[in-house]
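Me: I would like to go through a few local details of this model. Could you take my questions one at a time?

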Amino acid sequence: MEDTLTLFTSIGLSEQRAKETLKNEALSSSLKDAIIQARRDCGAEAVAKPMGTLLYTMASRLKDPKRLPFLSASIAQSKISTELQLAAALDFLKSHPQDPVNQKEFEEACGVGVIITPEQIEDAVETVIKKYREQLIKERYHFNMGLLMGEARTALKWAEGKGIKNEVDMQVLHLLGPKTEADLEKKSKPQKVKATVNDAKQEGAAVNGQGVTGEGMSLMEQLRGEALKFHKPGENYTTEGYVVTPNTMSLLKKHMEETGGQIRTRFPPEPNGILHIGHAKAINFNFGYAKANNGICFLRYDDTNPEKEEEKYFTAIKEMVEWLGYKPYAVTHASDNFQKLYDLAVDLVRRGHAYVCHQKVEELKGHNVPPSPWRERPIEESLVLFERMKKGLFAEGDVTLRMKMVMEDGKLDPVAYRIKYTPHHRSGDEWCIYPTYDYTHCLCDAIENITHSLCTKEFQSRRSSYFWLCNALDLYCPVQWEYGRLNLTYTVVSKRKIIKLVDSGVVRDWDDPRLFTLTALRRRGFPPEAINNFCARVGVTVSQTTTEPHLLDACVRDVLNDTAPRVMAVLEPLKITITNLPESTKSDVRVPNFPADEAKGSHLVSFTRVIYIEQSDFREVMEKGYKRLTPEQPVGLRHAGYVISVHKVIKDAQGKVIELEATCLSSETAEKPKAFVQWVSQPLVCEVRLYERLFLHKHPEDPSEVPNGFLSDINPNSMQILPGAFVDISVKGAKVLDRFQFERVGYFSVDPESTEDKLIFNRTVTLKEDSGKI
């Protein structure tokens, strides 16, 4: 194993990723074969990291192992040298399963040998900008720049997206000049409502008549009054499928007297894990619907499974609800009602609607459960046995209490109580029988006088049992309404799978910023209002929604653009000594916190003879279209009022540029440079963590996309740590979770692992969506 581990780390995998790969036998075998084949074909002992990344991606995505030698050789011989080409190669091999591979067709399909020069990119972008020149000048930076990117990429299929994006940015800047205050204002969107009509029977629609998407509407607008066509308090019987009994109207009358006709909802999480982005929609829907209609919402913990519940989850759930801006009317627990629920179960047996059953747990799993031979046992006998269950006279799994009813999905006689000899976090050893979700949920809703029991569509099959149980016990019966779940691509949110990611070392914990748990998003720097805005944009949909993460990122940028103060930072510093300034030079430069609104304040940074810029902002060899610093081309320093020109390049023994010597001129006397870059002087040394998507595929849980399982789909470049980044001194004293925009770089937030001696910043999002991102 040591040899294979060394082999995997030799291609650029971290030791952690290499060990994780070794756990997947199929992926490990494929990757090992690919590396050996690549070494053989390129005639070298070592494989460079870019080639190694391609081999890893190929090994994890290639579904036909007999194609591995051919594709490995193509990578080793640099015929396939980009992710774009690799994707095309995989698609070609999938659609051409016959042997042998037609080499000519393969190379044409994958752009082998096609070289895209900077001049070609410049010309293609120039052509597109010329086409839209009038519209660009009219709309300026409100113009959809994605249109330019798309048309340029169509013209140059094999060009790297990043190169095109940089060229578009430079040419647009050249045409329009820097952004003005008007350019930074948000473009107003026309208000529009998109309604979708769903037949409740045919489509299983939870919202009678229509669902509402969030385009152009605030969440409160979507949830207020008649928008959802929900029943009015006290008019439960008007809902399709609601069962009316002889006692219904008197129970509704009593309910109205107790509530005063107030809308009541609840958010009922199980305290056995951390909330994720899908729960954010549930929180916004339940709390938001109550708030929009002057009602109240309970936070109720469904704590009926003592084996999986921990105090840290109770605390974290309440913390996340309040972080999103909602305050529960009351915090309740299903366990508050254990005695009442037991008494109701006894009543259910007395009424002939429940019985004690001795079928084993294994026999009750699935949907084709054989009928219980104890279904018609005498009521008195079930009462005695249920009492014996309560006293702990049976072993776990030997006996259950079951309800006499058939659920909508065909499941017969669901379990109401089971035995668990596990102390409960609140009641201790008082109980050894615990109620199930199917029994507890609707009864707690009835006890709390809930008017609208809002839940996701997978609970639709329980709607009839919900109504049945309340009516069987002659209790007030709320109405269950279902809505579509919110899912994101490129992630997993199930508790079981996140635990696997943590246990295997792929992520650090539940709050690892690459996850989409709410604690992880908070740690990454996502503002709560951005998450709420995202839920509003997705809308209160009836159908299940699968959304791209970049839509959430866009909501984050919208908020941070208005709230995150600007500072200057360089992530990979390059030292510059300005030789025509005296050694003792030191002056203060005022940097506005929000350039579009200087009334929001500013901060001072030092300017001395030694400054630092990004390594990527200097090129020793001038390339056509490059606008930043070269030996032949000066560059401006943002906010400083200087333009610098290089006159000496200093390198180390390996030929790497480690320092520049330059001269400076006042920007008032120097010719206007083509670009301005950020810089720092006497900076604070910080650690910066850059995050990308955790998974390579959109649907890592889908076996058709990822046949070897989600753990085989980890993006090896999902986190990059830069320990020696420089940030201007104004951030000193920043608190955990404070957010900033690093000019020209992205939005960043202070990580909780920061200390007084060293700040750690997590990149929240980039300044713009990167279309070339994996």
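Me: Which backbone oxygen lies 3.3 Å from a polar atom of the side chain of Gln 359?
Reply: The backbone oxygen of Pro 370 does. Please bear in mind that this is a predicted model.

Me: Which side chain forms a polar contact of 2.6 Å with that of Gln 359?
Reply: The side chain of Arg 402 is the partner in that contact.

Me: Where does Gln 359 lie?
Reply: Gln 359 is in the loop that runs between β6 (354-357) and α19 (361-364).

Me: Is Gln 359 buried or exposed?
Reply: Gln 359 counts as buried, because its relative accessibility is 4% and the cut-off for buried is under 20%.

Me: Which residues is Gln 359 in contact with, leaving aside neighbours within four places in sequence?
Reply: The contacts of Gln 359 are then Leu 364, Pro 370, Pro 371, Ser 372, Pro 373, Trp 374, Gly 397 and Arg 402.

Me: Changing topic to the helices: at what angle do the axes of α5 and α6 cross?
Reply: The axes of α5 (residues 68-76) and α6 (residues 83-95) cross at roughly 155° and come within 12 Å. The two helices are therefore roughly antiparallel, as angles over 145 degrees count as such.

Me: And is the crossing left-handed or right-handed?
Reply: The crossing of α5 past α6 is right-handed.

Me: Which residues meet there?
Reply: From α5, Phe 70, Leu 71 and Ile 75 meet Leu 86, Ala 89, Leu 90 and Leu 93 of α6. By class, this contact of α5 with α6 has seven nonpolar residues, with no polar and no charged ones.

How values were computed. Residues are numbered from 1 along each chain as its sequence is written. This is a predicted model: local features need pLDDT of at least 70, side-chain atom pairs count only at pLDDT 80 or more; totals for chains, interfaces and linings use all residues. Side-chain values use heavy atoms; hydrogens and water are left out. Axes are lines fitted to C-alpha atoms, for helices over the stretch in contact, and angles run from 0 to 180 degrees between N-to-C directions. Helices (H or I, at least four residues) and strands (E, at least two) are DSSP runs, numbered from the N terminus. Angles under 35 degrees count as roughly parallel, over 145 as roughly antiparallel, 65 to 115 as roughly perpendicular and the rest as oblique. A crossing is left-handed if the near helix is turned anticlockwise from the far one by less than a right angle, and right-handed if clockwise. Contact means heavy atoms within 4.5 Å. Ala, Val, Leu, Ile, Met, Phe, Trp, Tyr, Cys and Pro count as nonpolar, Asp, Glu, Lys and Arg as charged, and the others, Gly among them, as polar. Buried means under 20% relative accessible area, exposed over 50%, partly exposed in between (1.4 Å probe, protein chains only). A polar contact is a pair of N or O atoms within 3.5 Å; within protein, one must be able to donate a hydrogen and the other to accept it, and residues adjacent in sequence count only if both atoms are side-chain atoms.
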